[in-house]
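Q: I have a new model open and want to learn how to read it. Where do we begin?
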Amino acid sequence: MTAHAKAALLIGSPKGSQSNSLSIGAYLASRLKTCGIDTTEFFVHQSLRSQPAIDSLLVAACSADILIVSFPLYVDCLPAGLIQGLDIIAARRCMEPPLKKPLFLAVCNSGFPEPQHSHVAIEICRSFARKAAFTWAGGLPIGGGAAIRGRPLDRAGGMFSNIRAALDLTAKSLADGGNVPRKALTLLSKPPVPAWLYTFVGSLGWRLRALANKSHKYLRARPYDEQHP
Amino acid sequence: MNVLVLNGIAKENSGLDAVSCAICSTFQSADCPTSVFRLRDHHIAPCVGCYSCWTKTPGMCVIDDDARDIAGRFISSDLVVFLCEITYGGYSYELKKALDRMIPLISPLFHKVNREVHHQPRYDKYPSILAVGILVEPDQLDVEIFHRLAGRNAVNFDCPSYASVVLDAHSAATAVTSEVHSFLKKAGGIS
């Protein structure tokens, strides 16, 4: 990668600045910064609300040396807004034959402990990269993303050390013009905590959130049974 | 068998709506009451990821738009057809926007399926899924991704059965009829 290389980071979570996708993406951007690569962040869902914001996103995405998407797994693939954003980028790149093929990295975090839930979503990103003339740098499937709770990843605790190490390795490789290292995938293949503990704490967390909203008694409600008996 | 067709074809590919019509008429001719939502004509806001549908108003999205009605019809159907042009191997924006809003139909609590953690079902019975992807340009990798995605959805929506078919855009409207017949034959057990 040349000096003064640029990266664009697209946050694909509708939760924007409160999202785990930003926690992960911002950490990766900070690692790229130490390698001399500046990163510009975009919140895709917000960008889609106005034409000037779409134009800014397109300029950044199409002129970057590295394009990164960091997003949550929604119903086994990308959130709808990110699909729309990628559609717009692909249309632009097909309209104006690109002068270069920037690297494209996909980082998908899911609320399940096992990283393999994200594999299909990452394959979808790979297909996008192929069709929109990006160079596929690989994908990082991150299990247990919900446990980050929107905190900065470097202050989120020891259970995320594997995720940080994988991002460190990936940033260095991208800065050298390379792909996601195999070691990074190996690090991510182990859930941050055992599945039984994740599901126990996760289920407790949902119950506590419902309790705070005084809806814990109705956590298993079936409102559509009443409407469509 | 009650059938719900979620037509997620984009406006620019509206010529492919003929596939939706063919699906509808095939099911109706087999005495299956069928309703169709052409999603691009409906007001469906994107999911904002607030999870209020799990922890504030369990089972119901807090956004009051057409997705609420679709969720009700989804859970009361015996079969839901996902129809869209294949987009990078996955679903179109229009279809995905609606599917993202179906998470109130499942529970936030976890359980294990095939040694993987998934969300628990909220309801006793879920519909089967028939995912129909229309391939605008030949792409074998996209075909494989589409089949895998439909399979993952079937697990997460606790479907009793599922099938996925990929059709070439030029012949989809005619080919889909035999695919639906074939599905009906296999799914003979669905009441």
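**Reading the interface, the domains and the helix pairs**

A: Begin where the chains meet. This model is predicted. Across the interface of chain B and chain A, the rule finds five salt bridges.

Q: Which side chains meet in a salt bridge at 3.7 Å, N to O?
A: A:Arg130 and B:Asp142 do, and the 3.7 Å distance runs from N to O. The cut-off here is 4 Å, so this pair counts.

Q: How is the size of an interface given?
A: Often as the accessible area lost when the parts come together. Between chain B and chain A, about 4500 Å² is buried. Carbon and sulfur atoms give 62% of that area.

Q: How many residues of each chain are in contact?
A: Chain B contributes 53 residues, and chain A contributes 50.

Q: Now a single chain. Into which domains is chain A divided?
A: Domain 1 spans 6–192, and domain 2 spans 194–229. Next, look at spacing. The C-alpha centres of these two domains of chain A lie 30 Å apart.

Q: How do I read a helix pair? Take helix 3 and helix 4 of chain A: at what angle do they cross?
A: Read the angle, then the axis distance, then the hand. Helix 3 (residues 51–63) and helix 4 (residues 80–95) of chain A cross at roughly 65°, and their axes come within 10 Å. The crossing is right-handed.

Q: Which residues meet there?
A: From helix 3 of chain A come A:Ile54, A:Leu57, A:Leu58, A:Ala61 and A:Cys62. They meet A:Ile88, A:Ile89, A:Arg92 and A:Arg93 in helix 4 of chain A. By class, this contact has seven nonpolar residues, no polar ones and two charged ones.

Definitions and conventions: Residues numbered from 1 in each chain as written. Chains lettered and ligands numbered in written order. Predicted model: local features only at pLDDT ≥ 70, side-chain atom pairs only at ≥ 80, totals over all residues. Heavy atoms only, no water. Domains from an automatic or database assignment. Contact = heavy atoms within 4.5 Å. Buried area = accessible area lost by both parts, 1.4 Å probe. Axes fitted to C-alpha atoms, helices over the stretch in contact; angles between N-to-C directions. Helix = DSSP H or I, 4+ residues; strand = E, 2+ residues; numbered from the N terminus. Left-handed = near helix turned anticlockwise from the far one by under 90°. Nonpolar A, V, L, I, M, F, W, Y, C, P; charged D, E, K, R; others polar.
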